[in-house]
Amino acid sequence: MATARRSAAASTRLWSGHQPKRVRLNVGVACVKEQRAMNHESIWKQARADLLVPTGRTEPDLYLWEYSWRIARASEHIAGMPEVARHGPDPAAVVAGALYHAACWAQRCRDRECDRTEILLATLSEGDREQSARMLETAMSGVLSPDSLQRALRVVRSAQDRTTNSIEARIVADACSLQEFGVLSLWPMIRRGMLEGKAVQTILDTWNRKKEYHFWEARLNDSFHFEPVREIARRRLERLERLMADLKEQHHSEDLAKREKPGDRVAPPSPSRRGA
């Protein structure tokens, strides 16, 4: 009989809101997780609105938004690596900082200070980083906690500083450096080539010069704070090297030449030569 009364009393407490401490704790954790998820979604939505560049047509220019999205996703994955997660990075600051680290390009295009074809084709100055930081602060003041906001601002201002002690800035810096290694690195080169009137041979020439001067070895040694990211960059570079070999073979029709009957054909000049 006493047991039945105790069970009934417990049920009454649960439904009336007078929950035992453990139940209240579980409910509190669930509320915190839900709030974090809502804030996380708000960060992405606001960043997309800020980073889409108007074109004067129906569809905006996606280039800056897609690049920033890719950096933020890579940053999230890096932050989740055991070697990195033990340093306790702030997830919201990582995402917001990654999304807005190059946001100044969007504002510069809106202010007609540059053409949208020039986006991401130049290194950001200190003034550019401050402009990106102001955009982040305006957009995220009502979304991030004060501490997360300050951490995110530090990402934007110091991600290019090799000596920074901000774990979030180091994460975003590694995500940015990783974009140079692999197939994705071709897209900025193609955009630059289109802007400057260059073509495939220019990409091959640039690749060959970087190999000749051991550019990639230096970048692998100096560009990363975390060894697991460096190893992924190394593997991406190996795949890029195979792709560049295929590009050279097809650009020069070497695969066709292998099937041709030997003869006295004179090889044409390289398309990279002046006047060719």
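Author: A residue counts as buried under 20% relative accessible area, as exposed over 50%, and as partly exposed in between. The model is a predicted one. By that scale Arg-151 is partly exposed, because its relative accessibility is 31%. Its side chain meets that of Glu-168 in a salt bridge, at 2.7 Å from N to O. The two residues belong to distant parts of the chain, 17 residues apart, with Arg-151 in helix α8 and Glu-168 in helix α9. Glu-168 has a relative accessible area of 2%, so this residue is buried. The pair is also part of a network of salt bridges in which Asp-147, Arg-151 and Glu-168 are linked.

Side chains of opposite charge can pair when their charged atoms come close. In helix α13, Glu-231 and Arg-235 are 4 residues apart, which means a separation of about one helical turn. Their side chains meet in a salt bridge of 3.9 Å, N to O. Glu-231 is partly exposed at 31% relative accessible area, and Arg-235 is partly exposed at 40%.

The other pair is Lys-198 and Glu-196, whose closest N and O atoms are 3.9 Å apart in a salt bridge. Lys-198 has a relative accessible area of 44% and is therefore partly exposed; Glu-196, at 45%, is partly exposed too.

Helices α8, α9 and α13 are also among the elements that give two or more residues to the lining of the largest pocket. That pocket holds about 1,300 Å³ of space.

Note on methods:
Residues are numbered from 1 along each chain as its sequence is written. This is a predicted model: local features need pLDDT of at least 70, side-chain atom pairs count only at pLDDT 80 or more; totals for chains, interfaces and linings use all residues. Side-chain values use heavy atoms; hydrogens and water are left out. On a 1 Å grid over the protein atoms alone, a cavity is a set of points where a 1.4 Å probe fits but cannot get out, and a pocket is an open set with protein on both sides within 12 Å along at least five of seven lines; lining residues have an atom within 4 Å of a point. Grid points are joined across faces, edges and corners, and a volume is the space filled by probe spheres set on the points. A salt bridge is a side-chain nitrogen of Lys or Arg within 4 Å of a carboxyl oxygen of Asp or Glu. Buried means under 20% relative accessible area, exposed over 50%, partly exposed in between (1.4 Å probe, protein chains only).
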